[in-house]
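User: I am new to this structure. Please go through some of its labels and say what each one rests on.

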Amino acid sequence: MSDPSDSLSVLEPIAQTGERKSSTSVSPHPRPMSRVVRLLSSLLRGVPTLLVLAGLAALAYWGHHSGWQLPRLSVLLGGSPAAKDDWCAEHAVPESECVECNPELMPRGKEFGWCPKHGINECPFEHPEIAQLSGTPTISLADLERAERALALLPRPDNNSKCKLHHRRIQFASVEAVARAGVEVKIVWRAPMVEYIAANGEITYDQTRVAHLSSRAPGTVWRMEKKVGDPVKAGETIALIESQEVGRAKADFLQAVVQLRLKSSVHENLKQAGSAIAQQRLLDAASAVSEARIRLVSARQALVNLGLPLDADAMKDLSEQQLAERVQFLGLPDDMRRALDPRTTTANLLPIQSPVDGVVVEREVVAGEVVDTAKLLLTVADVRRMWLTLNPRLEDARRVAVGQVVRFREDGGGNEVTGTISWISTAVDEKTRTVKVRVDLANPDGRLRANTYGTGRVVLREEKDTLVVPNEAVHWEGDCHVVFVRDKNFLVAGAPKVFHVRKVRPGAKDEQYTEILAGVLPGEVVAARGSGVLRAELLRGNLGEG
């Protein structure tokens, strides 16, 4: 038996490790019991690390076998483990009700494959029995012709014939689950739809009905008869210009008339004298008459060039006094001529007349202002017809044709007006790469304004009765367009709550609705607002598929 004092001397340093050192000197040959104690101490220090590693291994084993999903609250609180076992995690419905896992719950119908005419799988136009309706519908000839017109008019988005999304069905656990997911449904219905090409445009005056008026001779504005906004009739005098050139032209005409009359009288007298007059004098008199006639024609043409045409035959029998009075106010209307005093009014007046019916839209001068032939006096425009100039892109202009209907709406929410295309430019703008298109617009009430900008829509196709769904109901899934069609027995108690994935061929589209050329039929119910939930479930189910 060992000495108790020896045991005490060995255990005491172990109990006081880290607090004090033993005063007993270390023997060069340690005892066996001391090595055992040190080994036990090392093992005790490694126990926490071993426990952590064991816990991590257990967690990994559990996660691998549970799919890293926490058990439902009912199981954690002591619920029946059978409820957990009946849940289909892949499709988020009870496994006993899952139509994807148990196809016999909702057997699939016959597959008809790809429809090359309409570009979709399982085409309800060709096989109406696939429609989710209470009975088999009858496909009207009008629907088939409408789809044919639309497909022939423009290239439509294509669906990949190898896409298998139409095999999928999205199932909910209950009707309440659909409501909680925020999914709203809409019925496929009929509505009018217009397909068009949009282009920016500007309203201007019809250039064939606009007159920019200026004086044909330099002078001074004697009087202005019209102001901006006044209506004008074709031929109506709207301004008077006092011009010395007009006075000289009138004087030359009167002088030419007098000379012609004089020379003609001399010639007649010589002819009546007979043989007593030398033949040479008679020839000279005839030559003088011809020269006078030429000067008269030249003087008359000078007045015509100034816009003062006259009837020479009507003035042939007038006396020189009457002729002077007639020429003094040449070109003025009778009411204006009567209002002027010939004794105090200059004969240099040049009337400015409107060549078109319309209104004065611009006036650049006032009475007393000196003007020349380059000075614009007034602008008269017939506003009953206007021009709309559109600028469609080159790629869109290829579908534009003369005679097509155009609907134009001014910027700022103005009223919509309708016209027809009357001209298409043969050139492309070098900078904007657009093509100018002219549209004739009727403006009987004058509410259209020149220099107004807006958006024009060239109507390519207008249908009064198309199949439409809300825009949010149509989804592009990379290689095909789909909608989610509610099963016809969805509201039947105990029936699976299923949405069928249906390929569609979209057509025209506006701010709210999309035309469906093929893929759904009237009366079918589709997921609209909130249908992104079904799309997310569809994409989740396709992860990892080829």
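Analyst: The answers below concern a predicted model and take up its aromatic rings, charges over rings and a cavity.

User: Why is the pair of Trp 189 and Tyr 513 called edge-to-face?

Analyst: The ring centres of Trp 189 and Tyr 513 lie 5.1 Å apart, and rings pair if their centres lie within 6.5 Å. The angle between the planes is 90 degrees; over 60 counts as edge-to-face, therefore the label applies.

User: What makes this a link between distant parts of the chain?

Analyst: Trp 189 belongs to strand 7 (residues 189–205) and Tyr 513 to strand 25 (residues 513–518), 324 residues apart.

User: Why is Trp 189 called partly exposed, and why Tyr 513?

Analyst: Trp 189 has a relative accessible area of 28%, and Tyr 513 has 29%. Buried means under 20% and exposed over 50%, so both values fall in between.

User: How do you know that Arg 438 lies over the face of Trp 387?

Analyst: Arg 438 is 4.4 Å from the ring centre of Trp 387, and the distance cut-off is within 6 Å. The charged end of Lys 497, over the ring of Phe 490, is 5.9 Å from its centre, so that distance also meets the cut-off.

User: What residues make up the lining of the largest cavity, by kind?

Analyst: The lining divides into one nonpolar, two polar and four charged residues. Ile 170 is in the lining and Ile counts as nonpolar; His 91 and Gln 171 also line the cavity, and they count as polar because their types are among the others. Strand 5 (residues 169–172) gives the largest share, three residues.

Terms used:
Residues numbered from 1 in each chain as written. Predicted model: local features only at pLDDT ≥ 70, side-chain atom pairs only at ≥ 80, totals over all residues. Heavy atoms only, no water. 1 Å grid on protein atoms, 1.4 Å probe; cavity = no way out; pocket = protein on both sides within 12 Å on 5 of 7 lines; lining within 4 Å. Helix = DSSP H or I, 4+ residues; strand = E, 2+ residues; numbered from the N terminus. Phe/Tyr/Trp six-rings, centres within 6.5 Å; stacked < 30°, edge-to-face > 60°. Buried < 20%, exposed > 50% of the residue type's maximum accessible area, 1.4 Å probe, protein only. Lys NZ or Arg CZ within 6 Å of the ring centre and 35° of its normal.
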